[in-house]
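Subject: Structure handover and findings

Hello,

Here is the structure I said I would pass on. Please open it first; my notes follow below.

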Amino acid sequence: MRKVELNDLYQFKFVSNPTWSPEADKAVFTVYQACEKENNYFSNLYLLQDGKTTQLTNSGDAKNAIWLDNNTLLFASLRKQADKDAVKKGDNLTVFYTLNLKGGEAQEYMRLNLKGASLKKLDNGTFACVAKHDYSGEDSPLCEVFDELPFWKNGEGYSNKVRSGLYIVKDGQAERITAENESVMSWNVKGSKIIYTSHPYDNYGGTDCGITVYENGEKHVLIEDGVWNIRWTNFLGDTPIAYMTDSQLHGRNQIARVYAIDGAQPRMLFDIDEVVGSAITGDSTFGGGASVVVDGNALYYVAVEDMHSVLRKFDENGLQTLLTATGSLDNMTVKNGKILVNGIGQDRMSELYLVENGSMKQMTTLNEALYTDRKIAMPEPVAVVDADGIEIHGYVLRPTDYEEGKMYPAIMDIHGGPFAAFGTPYFHEMQYWAAQGYFVFYCNPRGGQGRGGDFGDLRGKYGTIDYDDLMLFCDKVLESYPMIDTKRVGVTGGSYGGFMTNWIIGHTDRFAAAASQRCIANWISFYLTTDIGPWFGQDQCQGNPWDDTEKLWWHSPLKYAKNVKTPTLFIHSDQDYRCWMSEVLQMFSSLKLNGVDSRVCLFHGENHELSRGGKPQNRVRRIAEITAWMDKYLK
């Protein structure tokens with residue numbers, strides 16, 4: 001068996017979006033694979049039937065199919081060169097094809113003059129569709145014009161006067177049924193009904209929205225726009241439901257609840273202190289899918305419990321846990337009570353599993369070589385009790401060629417969010433570092449998911465209790481693993497993990513090297529330059545730049561940059577509008593002015609999702625940059 005290699009990324013098959021057929025006797029799903037030569041991802045449809053996996057398409061761009069009937073699939077694809085050229089030029093075009101599973105080639109079904117259109121089938125012979133539209137009237141190559149917030153969005157680019165509209169598609173023609181300035185955030189269908197959340201705005205597009213049901217040309221507003229922060233909505237049986245919170249009372253980044261919208265006031269269906277529909281963070285998923293599914297009168301969802309994934313079901317009998325998984329559960333499909341999940345194990349990339357009687361039966365073997373041909377470092381649990389009596393949980397990976405009696409360097413990895421969670425699934429960057437001779441350790445400090453709302457509430461506390469937990473966990477790991485050389489320990493993390501890396505190097509010199517990724521350095525500039533800055537900054541820092549300047553500055557790593565002595569690599573992307581590159585430039589410039597060895601690797605054309613969804617060559621280069629920096633100072 002060989003060690004994990006950096007370029008293994010090109011061999012992985014990323015499973016996503018499984019969907020049962022109407023009779024639940026087969027399922028279609030999408031498989032993505034990175035292509036080094038083209039520096040992108042190919043996607044194709046696969047069929048799971050009678051325990052066998054069959055590739056259905058080879059065009060390289062087919063994904064996320066829906067069922068027209070039990071043997072016919074509908075999916076978007078650009079199979080003609082003229083269509084590819086038109087989209088590349090910027091034309092609004094989505095072409096849909098059908099594929100009959102009984103035989104034959106894919107046939108063009110319809111083409112819509114819409115950009116990135118996604119469809120869901122209604123029972124009345126029409127389709128519901130969501131697509132982007134731009135009503136700015138601006139089309140100048142000389143300048144970009146914007147007059148609203150946010151003026152850009154991560155992963156989308158400049159977004160002034162761009163909205164996600166809801167359309168009805170009939171006989172190949174699309175008619176928008178939402179207002180010109182209205183943006184649809186989530187949507188689902190039941191029979192001939194469409195339920196959706198949306199927010200109309202002309203100046204500032206926040207996160208609060210309303211809920212509307214549309215059927216046969218009529219709209220019925222269930223919840224007015226502007227009060228609730230609504231994450232998703234659906235029908236449970238015939239009852240509209242929503243996962244939401246009153247953001248003015250409970251914050252915008254915290255735990256919400258599932259409500260029935262069947263009376264004058266929303267009615268909470270069940271009260272459980274966890275995120276409904278979350279997943280454990282990682283770098284080995286791609287393509288998406290549903291982690292919350294309604295099947296008739298039952299709601300199924302994935303959640304994080306401590307550092308593991310759980311699958312729960314809510315129906316007339318109440319809430320029950322169907323499965324606790326080692327690794328992560330990422331998306332699923334449920335039909336007539338039959339559950340198919342996409343999961344990642346401790347030593348396995350994504351595969352599909354049938355859930356029966358509290359256990360998982362593996363149904364696909366698309367990544368077999370990963371766990372038959374490679375040495376995988378298995379996570380070893382570590383726990384420590386912090387100053388407030390709270391047990392902090394984490395894991396350690398040993399070097400894959402570990403030898404007794406040798407001393408080793410180590411890397412501490414910090415997750416993003418902060419309202420997210422590490423777990424035990426295969427994590428490529430960590431496995432590569434273990435293969436390169438590093439101990440790798442990580443934990444879930446306060447501020448993260450999996451332990452309830454109070455544990456995850458970091459509002460107004462950034463850099464305090466979370467920093468204490470991380471340092472205490474680091475102490476515990478070094479005490480428990482004396483074969484780690486305490487003078488050769490590095491630290492890295494992205495997003496919130498980048499913020500915390502910046503914070504750590506300004507408050508301690510214990511780390512010999514640092515790699516800060518897609519970071520926050522200055523809450524004041526973050527508030528006023530990023531796509532989520534005004535609401536996220538206000539909520540998480542409990543203040544704004546005008547009335548609470550000193551508080552925002554106190555929680556900013558830039559305030560403490562004069563103290564930094566740790567050699568630091570910065571990884572960032574020039575289209576990261578979640579943490580705009582002003583953040584990394586301020587931190588980097590401060591370190592350079594103070595004579596600290598530092599380096600910026602700024603990826604062109606990438607955004608905040610570089611580590612998870614960036615172009616394959618850039619993802620490989622990113623890990624190579626971090627590894628080389630750690631090697632320079634830790635080996």
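Which residues have the most contacts inside the largest nonpolar core? Please note before reading on that this is a predicted model. The core in question has 62 residues, and those with the most contacts inside it are Met412, Phe439, Phe441, Met500, Ile504, Trp523 and Met587. Helix α6 (residues 465-480) supplies the largest share of this core, eight residues. As general background, nonpolar side chains tend to be buried together in soluble globular proteins.

Met587 touches Asn502, Ile505, Ala521, Pro557, Leu558, Ala561, Val564 and Phe570, leaving aside residues up to four places away in sequence. Asn502 and Ile505 are both buried residues of helix α7. That helix spans residues 496-505 and is mostly covered, with ten of its ten residues buried. Met500 and Ile504, also buried in α7, are on the list of residues with the most contacts inside the core.

Next, a sheet. In which order do the four strands of the open sheet run? The order is β10-β11-β14-β15, with antiparallel pairing. β10 (115-121) and β15 (173-176) are the edge strands, and each pairs on one side only. On average, neighbouring strands of this sheet are turned by 35° against each other, direction ignored. Between β11 (residues 127-134) and β14 (residues 162-170), which run antiparallel, there are eight bridges. Within this pair, Phe127 stands opposite Val169 of β14.

Ser183 lies in strand β16 (residues 182-190), and its side chain reaches the backbone nitrogen of Ser164 at 3.2 Å. Is Ser183 buried or exposed? Its relative accessibility is 7%, and the cut-off for buried is under 20%, so Ser183 counts as buried. Not counting residues up to four places away in sequence, Ser183 touches Arg163, Ser164, Thr197, Ser198, His199 and Tyr201.

Pro379 is in a loop, the one between β31 (374-375) and β32 (380-385). The C-alpha atoms of Pro379 and Asp347 are separated by 9.6 Å, and the two residues are 32 apart along the chain.

Last, the cysteines. How many disulfides does a search of the whole structure find? The search finds zero. Cys209 is in no disulfide, and the nearest cysteine sulfur, that of Cys129, is 19 Å away. Cys209 is buried because its relative accessible area is 0%. Cys443 is likewise in no disulfide; there the nearest cysteine sulfur belongs to Cys474 and is 9.3 Å away. The disulfide cut-off is 2.5 Å between sulfur atoms. Cys443 is also buried, with a relative accessible area of 2%.

Regards

How values were computed:
Residues are numbered from 1 along each chain as its sequence is written. This is a predicted model: local features need pLDDT of at least 70, side-chain atom pairs count only at pLDDT 80 or more; totals for chains, interfaces and linings use all residues. Side-chain values use heavy atoms; hydrogens and water are left out. Two strands pair if DSSP finds at least two bridges between them. Helices (H or I, at least four residues) and strands (E, at least two) are DSSP runs, numbered from the N terminus. Axes are lines fitted to C-alpha atoms, for helices over the stretch in contact, and angles run from 0 to 180 degrees between N-to-C directions. Buried means under 20% relative accessible area, exposed over 50%, partly exposed in between (1.4 Å probe, protein chains only). A polar contact is a pair of N or O atoms within 3.5 Å; within protein, one must be able to donate a hydrogen and the other to accept it, and residues adjacent in sequence count only if both atoms are side-chain atoms. Contact means heavy atoms within 4.5 Å. A nonpolar core is a set of buried Ala, Val, Leu, Ile, Met, Phe, Trp, Tyr and Cys residues joined through side-chain atoms within 4.5 Å.
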